Structures are given as C-alpha cells and as structure tokens.
Amino acid sequence: MADVGDILTKVTDMLQYTFNIEVIDKDIEEDIPRPAFVIDTDDITKDKFGLMDHISFRLHVYYFAPSIHSGFADLYGVLDDLMALFAGHIKINDTFNFTLEEQQGTIYRADMAVEFAGFVDIVNPYIEDAEGVDMLDLDVELNKEGE
C-alpha cells in the first residue's frame, strides 16, 4: 500500500539523489533558495473502488536555477532530466509502484525556472484483516504442512 506521503517522500529522495540539490516540500512564496526544487500537489482525491482505496492527485515539481539572471539554456537539460527520471514505473516499496501520467514541462524564462507536472492515479489493493491470525505464523504453518 502507498499514500500521498509515501509518493512525495520517494519523489524527494529521487530528486536529491539525482540532482544533489535541496528539495523543499513546504509552502514558500518568496525568498526561495537557489538552486532548489519545490514539490507541490493539488486536486487530491480519495475514494473507493469496491473495497480498494483509490487516490489521485496532480504532482508539480518546480526547479529554480542558481541565478535569476543566467542559465536559461541549462533549463532545457533539467527538463529533459526530469522527464527521464519520471519515465516508467517508480518503485515505492517491495509491493508497490506508480507511474507519473500526463507529464508536461514548462520553462519560465523570467523566473529562470522549470515546472514539471504529472498525474498520479493509484489503487491500493484490499488486504483483509485476518482478525487475530498472525500472517507470519500462518505462513510457517503452511510451509510445515507442505514438507
């Protein structure tokens, strides 16, 4: 299973590892340190498909270049790198991954910034609570029967 927080943690880790630049995941409206990434979400919805949790949201990753006065050409490379980073399946844990759909990138010359956005749409599988049965004990018992 995964939730919005798990996905944002994974995105933060991916950006820090790939770019080695500070990632800000809180609301900042001015005095953003440069260079930096800012992560934001909107349109978060959560509902049910039968017994399974369905979560969807729009993910925004903003990159602010080291200088507001130069480096415009470098923004194209950052946008390409972001598109490559979010291509395909992104593993959250041993049993769950997600993809970033409907990807779109925009370069803002006046701010020397890149906006990269996409749509996350996940369905967590239903896991029935076994009411007092320890699943590890159950596995051990089944393995003993099979021997």
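**View 1. Aromatic pairs, with Phe19 and Phe37 up close.** Four aromatic pairs turn up in this structure; rings of Phe, Tyr and Trp (its six-membered ring) pair if their centres lie within 6.5 Å, with planes under 30 degrees apart called stacked, over 60 edge-to-face and the rest tilted. Phe19 and Phe37 make a tilted pair, because their ring centres are 4.9 Å apart and their planes meet at 50°. This pair ties together distant parts of the chain, 18 residues apart: Phe19 belongs to helix α1 (residues 4-19) and Phe37 to strand β2 (residues 36-49). Helices (H or I, at least four residues) and strands (E, at least two) are DSSP runs, numbered from the N terminus. Phe19 and Phe37 are both buried, meaning under 20% relative accessible area (1.4 Å probe, protein chains only). Tyr63 joins Phe19 and Phe37 in a cluster linked by ring pairs.

The model is predicted: local features need pLDDT of at least 70, side-chain atom pairs count only at pLDDT 80 or more, and totals for chains, interfaces and linings use all residues. Residues are numbered from 1 along each chain as its sequence is written, and side-chain values use heavy atoms, leaving out hydrogens and water.

**View 2. The buried residues of α1.** Val4, Ile7, Val11, Thr12, Met14, Leu15 and Phe19 are the buried residues of this helix. They sit on the same side of α1, because they cover an arc of only 165° around the axis (taken from the directions from the helix axis to the C-beta atoms).

Terms used
Buried < 20%, exposed > 50% of the residue type's maximum accessible area, 1.4 Å probe, protein only.
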